[in-house]
Amino acid sequence: MTESDTRALVRLEPDGEADAEEFDLLARRLRAELGGLDVDLLPVPAELPAGAKAADPVTIGSLMVAFSAAGGVFPGLVETLREWLGRQAGKHKIKVTIDGDTVELERATSAERQELIDAFVRRHG
């Protein structure tokens, strides 16, 4: 990937019933799924307080995804995120942010999700 590639911040927000261990497992599963796409997964830098042993939950569930704007990679990324959410038991959310523009993917009706995703992809795809 190059400096001119598009970067999206992908942030997993688990439902309120997920504990830290489940959240970590969900984040790992999501990273593994995205690892199969034609994207670069980059860590989101976190500043840990002195003496801290682990990253905060926001950092654990966040990653930067770099991809080429050409070739339809972005619609595939969004579709993968949507499908992943659909396979999860909880009411988790994923926020995707590009250039300050954020779309929130969650369990909504198929028509609502598709309308939201189509508008976001048109702006950034």
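Predicted model: local features only at pLDDT ≥ 70, side-chain atom pairs only at ≥ 80, totals over all residues.
Buried residues make up 33% of the 125 residues, while residues 24 or more positions apart account for 64% of the contacts in the chain with a separation of 6 or more.

**The sheet**

The chain holds four helices and five strands, and from the N terminus on these elements run β-α-β-α-β-α-β-β-α. The five strands form an open sheet in the order β2-β3-β1-β4-β5, and their pairing is antiparallel. Strands β2 and β5 (101-105) stand at the edges with a single partner strand each, so one side of each is left without a neighbour in the sheet. On average, and with direction ignored, neighbouring strands of this sheet are turned by 25° against each other. Helix α3 packs on the sheet, where it touches β1, β3, β4 (93-98) and β5, and the direction of α3 makes about 165° with that of β4.

Strand β3 (residues 62-67) has five of its six residues buried, so this strand is largely enclosed by the rest of the structure. With strand β1 (residues 6-13), β3 pairs in the antiparallel sense over six bridges, whereas with strand β2 (residues 40-43) the antiparallel pairing of β3 runs over four bridges. The table lists residues that stand opposite one another in these pairings.

| Residue | Opposite residue in β3 |
|---|---|
| V10 | L63 |
| L41 | V65 |

In a regular strand the side chains alternate between the two faces of the sheet.

**Helices α1 and α3, and residue T80**

Helix α1 (residues 20-34) and helix α3 pack at an angle of about 145°, with their axes 11 Å apart, and α1 passes α3 in a right-handed crossing. On the α1 side the residues that meet α3 are L26, R29, L30, E33 and L34, and on the α3 side their counterparts are L77, T80, L81 and W84.

One of these residues, T80, is found in helix α3 (residues 73-86). Is T80 buried or exposed? With a relative accessible area of 13%, T80 falls under the 20% limit and is therefore counted as buried. The side chain of T80 reaches the backbone oxygen of G76 at 2.8 Å. When its neighbours within four places in sequence are left aside, T80 is in contact with E33, L34 and L37, and of these E33 and L34 belong to the α1 residues that meet α3.

**The loop between β1 and α1**

Residue D15 lies in the loop between β1 and α1. With a relative accessible area of 18%, D15 is likewise under the 20% limit, and is therefore buried. Which residues is D15 in contact with, leaving aside its neighbours within four places in sequence? They are G90, K91 and H92. For K91, which is 76 residues apart from D15 along the chain, the C-alpha atoms of the pair are separated by 5.2 Å.

Conventions:
Residues numbered from 1 in each chain as written. Heavy atoms only, no water. Buried < 20%, exposed > 50% of the residue type's maximum accessible area, 1.4 Å probe, protein only. Helix = DSSP H or I, 4+ residues; strand = E, 2+ residues; numbered from the N terminus. Pairing = 2+ DSSP bridges. Contact = heavy atoms within 4.5 Å. Polar contact = N/O pair within 3.5 Å; in protein donor to acceptor, adjacent residues only side chain to side chain. Axes fitted to C-alpha atoms, helices over the stretch in contact; angles between N-to-C directions. Left-handed = near helix turned anticlockwise from the far one by under 90°.
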